[in-house]
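Subject: Structure for you to look at

Hi there,

Here is the structure I promised to pass on. Please open it in your viewer, and then read on for my notes.

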Amino acid sequence: MEHIHGHGASELFQAQSHLYKHVFSFVGSMSLKCAVQLGIPDIVHSHGEPITLHGLVSALQIHPTKAGFVHRLMRLLAHCGFFATTRVNKKQEAEEEEQDEEEAYDLTPSSRILLKDNVTGFSPFVLAMLDPALLTPWQFLGNWFREDKVTAFESAHGMELWEYGNQNPGFNNLFNEAMASDSGMMNLVVRDCKAVFEGFDTLIDVGGGTGTCSRIISEAFPHLKCTVLDLPHVVANLTDSLKLNYVGGDMFQSIPPTDGILLKLVLHSISDEDCVKVLKKCREAILNKEKGGKVIIIDIVINDIKDEHEITETKLFFDVMMMAMVTGRERCEKDWEKLFLEAGFSRYKLTPMFGLRSLIEVYP
Ligand SMILES: C[S@@+](CC[C@H](N)C(=O)[O-])C[C@H]1O[C@@H](n2cnc3c(N)ncnc32)[C@H](O)[C@@H]1O
């Protein structure tokens, strides 16, 4: 009885609310995906001022029977911080009607980076990460712990992620666009990293996807010649330019000789054992070992002590995602250091960047 009435009951209801929140947190993710699919951020943006519900409904290309549901989607999205609400003057229908106010939606920093014409356009990331191909493996995670498949992705699809991309061109494009959209934000920091790329004539972006990051770096450092090395199906059909060329290959097999090597979000997607193999290949490929040649890693570093709770939680989401989809993991500084030493590197310098990532310079 004590648990039903009194103090015990309130604790139990609190616990239940906590569980509800986590059971339904996918509703926030999927509503965000829906907003991107409907193009809501771009509609709000092109309206030029906060848009009323009526204005939004008119601009959305939806079935008339769905018009009455839009405010509920927007109420959640605004609550989650993806849109802001404000009051605007109601358009007067008749002269004698009193001027009144109504609610309108505006962008927030989060929806602003979802805009299509924004260099940091992040919408492809939302669409790819919430694509059925990457959501289905979560249904297999429990079973995966009981069987000997390498990843839950493999349990779901019968093959590993990169092979799935090879066999499904639609997903391959979606995934590569997602990675490119993630790299777009590098624009904002590369110019502040001048010293990091100083002294290089050549840079190889290992696992560089479709080359967004390399393009940004090569534009910021005009003397630098960049090469993107990625799997053949990822770089097929991409055209070389004077300062940026593509090589289809396997980072475990061979990496061409170079002054510097970039590994952005590559090592977090492979196991420790594989990281050591790739890092050893990188070390062999570096030309001027005594004159500043190095590996530059942009990746997550888990830092439980200094990080805010929410950032750490997001990094842990990434970690379990890496466990479910690929063979990788997120690492704390000690884990990274162990890999560098095992691969024969002598020292490293870690610089936290913006957002979730850090920049690590690793010297032979
Ligand atoms: C998480 S993505 C990161 C892409 C890019 N560096 C970025 O940050 O946008 C990992 C990349 O590694 C590539 N990759 C996976 N296995 C590879 C291999 N054996 N050799 C070369 N690239 C590989 C994938 O195709 C993919 O483009």
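How many cavities of 30 Å³ or more does the structure hold? There is 1, where a cavity is a set of points on a 1 Å grid over the protein atoms alone at which a 1.4 Å probe fits but cannot get out. This is a predicted model, with local features needing pLDDT of at least 70, side-chain atom pairs counted only at pLDDT 80 or more, and totals for chains, interfaces and linings using all residues. Residues are numbered from 1 along each chain as its sequence is written, and side-chain values use heavy atoms, with hydrogens and water left out.

The largest cavity has about 60 Å³ of space, a volume being the space filled by probe spheres set on the points. Its lining residues (an atom within 4 Å of a point) include Trp162, Phe171, Asn176 and His233. α12 contributes the most to this lining, with 4 residues; helices here are DSSP runs (H or I, at least four residues).

Now the ligand. It is surrounded by 15 residues, with Gly207, Asp230, Asp250, Met251 and Lys264 the closest; a residue counts if one of its heavy atoms lies within 4 Å. A polar side-chain atom of Asp230 is 2.6 Å from a ligand oxygen atom. Ligand nitrogen atoms feature too: one lies 2.8 Å from a polar backbone atom of Gly207, and a polar backbone atom of Lys264 is 2.7 Å from a nitrogen atom of the ligand. The protein buries 95% of the 590 Å² that the ligand exposes when taken alone (Shrake-Rupley method, 1.4 Å probe).

Best wishes

Technical notes: 1 Å grid on protein atoms, 1.4 Å probe; cavity = no way out; pocket = protein on both sides within 12 Å on 5 of 7 lines; lining within 4 Å. Helix = DSSP H or I, 4+ residues; strand = E, 2+ residues; numbered from the N terminus. Polar contact = N/O pair within 3.5 Å; in protein donor to acceptor, adjacent residues only side chain to side chain.
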